[in-house]
Amino acid sequence: MTRDHPASRALREAHKAFKPVETKKPMTDYAKAQQSLHENRERLKAERLAREAQQGHRPR
């Protein structure tokens with residue numbers, strides 16, 4: 001059995017505390033446009049479904 005040395009334990013915890021932060025890559029114009037398009041499509045779909053559900057519950 002090996003014992004964990006205090007120096008290596010401290011070093012391991014220091015690496016854990018100061019690990020590099022993952023940065024996101026800047027979005028390209030194309031990616032921004034695609035994300036915007038997707039968000040708009042989802043919003044419009046939710047609005048349409050809400051409208052259709054409301055029409056379905058309205059007495060005729």
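**Entry 1: E52 and R48.** I looked up E52 and R48 in this predicted model and found both in helix 2, four residues apart, which is about one turn of the helix. I then checked their side chains: E52 forms a salt bridge with R48, and the closest N and O atoms lie 3.4 Å apart.

For accessibility, I noted a relative accessible area of 43% for E52, so E52 is partly exposed. R48 has a relative accessible area of 35% and is therefore partly exposed.

I recorded R43 at 42% relative accessibility, so R43 counts as partly exposed. E47 stands at 37% relative accessibility and therefore counts as partly exposed.

**Entry 2: the chain as a whole.** I looked up the secondary structure and found two helices and zero strands in the protein chain. I then asked what share of the 60 residues is buried. The figure is 0%; for this I kept in mind that buried means under 20% relative accessible area.

Lastly, I noted the accessible surface of the protein chain, which comes to about 6600 Å². Carbon and sulfur atoms account for 57% of that surface.

How values were computed: Residues are numbered from 1 along each chain as its sequence is written. This is a predicted model: local features need pLDDT of at least 70, side-chain atom pairs count only at pLDDT 80 or more; totals for chains, interfaces and linings use all residues. Side-chain values use heavy atoms; hydrogens and water are left out. Buried means under 20% relative accessible area, exposed over 50%, partly exposed in between (1.4 Å probe, protein chains only). A salt bridge is a side-chain nitrogen of Lys or Arg within 4 Å of a carboxyl oxygen of Asp or Glu. Accessible areas come from the Shrake-Rupley method with a 1.4 Å probe; for residues, only the protein chains shown count as cover.
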